[in-house]
Each structure stands twice: as C-alpha cells, then as structure tokens.
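Biologist: I'd like to learn how to read a structure like this one. Could you take me through it feature by feature?

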Amino acid sequence: RMVAQYADACNLFDFGGDDVMRHKLSVLRGHCDRLGRDYGEISKTIGGIIYTGQPAGEVIERCRHLASLGFDHVIFNVPADHEVKPVVALGKEIVPALADL
C-alpha cells in the first residue's frame, strides 16, 4: 500500500518464481486501483544476476520473460570475482538486444 500511495518505483526479488511475482504485481495493481493511482506511473524493477560464463542469450530471454510478467527494469548484479566478461556481454550483447522493450 505504501508503494501505491507514495512511491515512484518498487523493486522485487525473484523469490518464489513467476506465480509469486505475478501475485505481488497484482497486489500492487489492486492497491493502485483502490487509491486511484495509475499503476503505470510506478516503475517495477527486479534484481537479476549475470554469472561468469552465462550465455548472453539466456540473460536476454530471462529479461524478455520478466518484461512479459510486467517488470520495467532488471537491476543486475555481476560477480565480484574481478571478471569483466559479464560486464562486456551486458554492454555489447544484452542491452542492444533488449532495446526494443
């Protein structure tokens, strides 16, 4: 209710899978409806991780799937192992592939 009433964004974590994420977004939409707030005004974000060696295609597919659930942005964490490959892949492959979302 606080997000629906006061916030410009909410960040969820992918615990529990798609059904849980759909439910949480549905609850937010319901609170917005009751308050007369435009649900679309609130940026819906979710945390994600890019693992070293993870194919860019997997990350792209996951981002597209999260968008289909109703998320506007994915906030990525990258490994703290001083490996730059995930960051390079993010900039060169993943972001350009998702520009149409």
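**Starting from one residue**

Modeller: Let's begin with Arg37, which sits in the loop between helix H2 (17–35) and strand S2 (43–49). Helices (H or I, at least four residues) and strands (E, at least two) are DSSP runs, numbered from the N terminus. This is a predicted model, where local features need pLDDT of at least 70 and side-chain atom pairs count only at pLDDT 80 or more, while totals for chains, interfaces and linings use all residues. Residues are numbered from 1 along each chain as its sequence is written, and side-chain values use heavy atoms, with hydrogens and water left out.

Biologist: Is Arg37 buried or exposed?

Modeller: Buried means under 20% relative accessible area, exposed over 50%, and partly exposed in between (1.4 Å probe, protein chains only). Arg37 has 17% relative accessibility, so Arg37 counts as buried.

Biologist: What is Arg37 in contact with?

Modeller: Contact means heavy atoms within 4.5 Å. Leaving aside neighbours within four places in sequence, the partners of Arg37 include Val3, Tyr6, Asp8, Cys32 and Ile42. Ala4 is also among them, and the Arg37 side chain reaches the backbone oxygen of Ala4 at 2.9 Å.

Biologist: On to the strands. How many bridges pair S1 with S2, and in which sense?

Modeller: Two strands pair if DSSP finds at least two bridges between them. Strand S1 (residues 9–12) and S2 have four, in the parallel sense. Leu12 stands opposite Ile46 in S2, and Asn11 has Thr45 as its bridge partner there. Right-handed means that, with the strands pointing away from the viewer, the path from the first strand over the helix to the second runs clockwise.

Biologist: What does S2 join on to next?

Modeller: S2 runs parallel to strand S3 (residues 73–77), joined by five bridges. Ile49 faces Asn77 in S3. Here too there is a right-handed β-α-β unit, made by S2, helix H3 (residues 56–69) and S3.

Biologist: Which residues make the covered face of S1?

Modeller: In a regular strand the side chains alternate between the two faces of the sheet. In S1, Cys10 and Leu12 form the covered face, with Ala9 and Asn11 on the uncovered one. S2 is mostly covered, with five of its seven residues buried.

Biologist: What about the length of helix H4?

Modeller: The expected span of a helix is 1.5 Å times one less than its number of residues. H4 (residues 85–97) has 13 residues, so it should span 18 Å, and its end C-alpha atoms, 17 Å apart, agree with that. H4 also bends by about 40 degrees at Gly91, the bend being the angle between axes fitted to the seven residues ending there and the seven starting there. Pro86, Ala89 and Ile94 are buried in H4, and H3 is part of what covers the buried residues of H4.

Biologist: And what is the overall pattern along the sequence?

Modeller: The protein has four helices and three strands, following α-β-α-β-α-β-α. Buried residues make up 30% of the 101 residues.

Methods: A polar contact is a pair of N or O atoms within 3.5 Å; within protein, one must be able to donate a hydrogen and the other to accept it, and residues adjacent in sequence count only if both atoms are side-chain atoms.
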